Amino acid sequence: MTASVRNRLTWTESVPRSLRHHAPFWISIVAGIAVWEAAGRSTSAAFMVPFSETIHRLWQLIVAGDFIPQLLDSAVLFFTGFAIALLVGAPFGMLLARIRALRIGVEPYIMIIYATPLVALIPFILSLMGFGFAPKVLVVFLFAVFPVIYNTVEGARSIKPELIEVARSFRSSEWALWREVMLPYTLPFTMTGVRQAIGRALVGMVAAEFFLSSTGLGQVIMGASQNFDTAGVFASIFVIGLVGVAFMRVGLAIERHFARWRN
Amino acid sequence: MTESTAPVSLTVASVRKSDPLAERVRTTFMPRLLTGIAIVLAWEFVVRGLAPAYVAKPSTVLMAVPKVVVDPAFQKATGATLIAVAEGLAIALVLGTAIGLLIGRSAAFDRAIRHYVNGFYAMPMIIVLPLFSLWFGYSSATRIATIIFAAIFSIIVNVADGARSVPKEYMEVARSFRADRLSMLTGIVLPSSMPYLLAGFRLAAGRALIGAVVAEFFISIGGLGYYILYNSRSYHHNEAFVGVLLLAAFGVGFELLVNWSTRRFMPWYRRDEKAG
């Protein structure tokens, strides 16, 4: 008995640390794929498609040459909207942080818009701006900008007034005050907003592609759905899911990187 | 000298006493009111000056309110959406809490499905609409399914966090009194995860509203989302915007309700928003 225990110990220890650490992850992924495969094979093909079929269909879509350009099309939309949201949201949030009266005045309205399902504005955007690229960017922007503003303002609230008073009593210039106090204190919070904004911008991207002019991945998946191409629907959802997870990881990494400043 | 200073210090004290309310009105209420007025006026005049006549602006939206509120179509749409959101949220709450507790208290279960929960949570929820419409058809079942899918993962993730963070001592005491697993779960883990549950529920409610509206857009079934879509397509922007205002009121209402109940029932607990 002791021998078998010893054996087991040596066996686990002989496995590299990184592999031991990642083993549950891979076991869970393989099991999930097996369940998916089994479920797909035991139901009608119109209802669900096994993993193998999904990958096969994805490969077909890629080889047909339409999928990658559509994916890039979606990416352009996402990054344009997201970049504008960041470029507008972070400075605006910090401005609110600096000018107290403005912050107090604007705060409740930002809260209200943040709590409102902004998808409801899409029909208005459609009828005002039509089918171009700009309305879709606006949708992504609207989805992404409020978490950035909201969290930046939260960060600004966490700045101790003494810090600003000390800086002022040492006659620091407005620029130095921003660089030395405002920015370092609000940035980690802004990055929390960035993480949340990534997820919301993805929703905005898909919503824009579904309900405004149909382009990108949204068009691929809508087309597949209308043709009852369940495998195509699964393939697109699979890709979007992977993109979502990857973006979430990037968001968390960015947030953690900046969180080191936050006490 | 002393006689003359006494009344002065008294008036200072009385001024200070009446200060907080006046101070609050001056520093908080007034800026908010003025900002609100500025936003409404800017919207009104920008639309008047630059946009076609059918575009919603505060004055015309306000005039549309009495007409819309008594409109049976609007009432029916509101009822349909609200009932669907309530049903979906209830199902998501029960299922999500159960799964969240399992993940939080069982390492094996956690390892088995955490990546899937996180993966689905990171997925833009509305991407499942084409699939759900294939599965459930163009019916209210698709809307309910979308709402559940939109809402459940934020509940699971938050409840699991809460169940994980139960102090070890509580469990040890319960175990030494030979409590069985079920009563530990319902008597200790669930109550101490409550603030997390509420935080998850707040996020879930917002996501459920989005899910409902998006499903109604997508499959064109009766509800507030469809009401907005239909009216804006037929250039009744003011009527449609009343629907948006109502959705905003629901969103804010949920938010306030959850914040209030956290403060009311769990005054010891303050927690920042978990995940977006």
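A residue is termed buried here if 20 or more other C-beta atoms lie within 10 Å of its own C-beta atom. By this criterion, the buried residues of helix H5(B) are B:Leu129, B:Pro130, B:Leu131, B:Phe132 and B:Ser133. The structure is a predicted model, with an ipTM of 0.83 and a pTM of 0.85.

Confidence was examined for chain B. The mean pLDDT of chain B is 85, and 90% of its residues reach 70 or more. Two stretches of chain B have a pLDDT below 50: residues 1–15, which make zero contacts in the model beyond near neighbours in sequence, and residues 272–276, for which 11 such contacts are found.

Chain B contains 10 helices and zero strands, and its order along the sequence is accordingly written α-α-α-α-α-α-α-α-α-α. The C-alpha trace of chain B extends about 75 × 70 × 30 Å along its principal axes. The radius of gyration of chain B is 25 Å, whereas a compact globule of 276 residues would have a value near 19 Å. Of the 276 residues in chain B, 38% count as buried. Among the contacts in chain B with a separation of 6 or more, 77% are made by residues 24 or more positions apart.

The interface between the two chains was considered next. In the model, 47 residues of chain B are in contact with 46 residues of chain A. On the chain B side, two or more residues each are contributed by helix H1 (2–50), helix H4 (107–122), helix H5 (129–136), helix H8 (181–219), helix H9 (224–233) and helix H10 (237–265). The chain B residues on this side comprise 30 nonpolar, 13 polar and four charged residues.

Helix H5(B) is one of these contributing elements, and its buried residues pack against elements of both chains. In chain A, the partners are helix H10 (216–226) and helix H11 (230–259). In chain B, they are helix H6 (140–164) and helix H8. Helix H5(B) is followed by B:Gly137, which has a positive phi, near 75 degrees.

Helix H2 of chain B, residues 58–69, illustrates the division of a helix into a buried and an exposed side. This helix has 12 residues and reaches 16 Å from its first C-alpha to its last, close to the 16 Å expected at 1.5 Å a residue. The buried residues of H2(B) are B:Val61, B:Ala64 and B:Val68. Viewed down the axis of H2(B), these buried residues fall within an arc of 65 degrees and therefore line one face of the helix. In an α-helix there are 3.6 residues a turn, so residues three or four places apart point the same way. The face of H2(B) turned away from the buried side carries the exposed residues B:Leu62, B:Met63 and B:Pro66. Cover for the buried residues of H2(B) includes helix H3 (72–105) and helix H10 of chain B.

In chain A, A:Gly132 occupies the loop between helix H6 (122–129) and helix H7 (133–157). A:Gly132 counts as exposed because it has 10 C-beta neighbours inside 10 Å, the limit for this class being 12 or fewer. The C-alpha atom of A:Gly132 is separated by 8.4 Å from that of A:Leu212, although the two residues are 80 residues apart along the chain.

Key. Residues are numbered from 1 along each chain as its sequence is written. Chains are lettered from A and ligands numbered from 1 in the order in which they are written. This is a predicted model: local features need pLDDT of at least 70, side-chain atom pairs count only at pLDDT 80 or more; totals for chains, interfaces and linings use all residues. Two residues are in contact if their C-beta atoms, placed from the backbone, lie within 7 Å. Helices (H or I, at least four residues) and strands (E, at least two) are DSSP runs, numbered from the N terminus. Ala, Val, Leu, Ile, Met, Phe, Trp, Tyr, Cys and Pro count as nonpolar, Asp, Glu, Lys and Arg as charged, and the others, Gly among them, as polar. The radius of gyration is taken over C-alpha atoms; the globule rule is 2.2 Å times the number of residues to the power 0.38. pLDDT is the predictor's confidence in each residue, from 0 to 100. The expected span of a helix is 1.5 Å times one less than its number of residues. The arc is that of the directions from the helix axis to the C-beta atoms.
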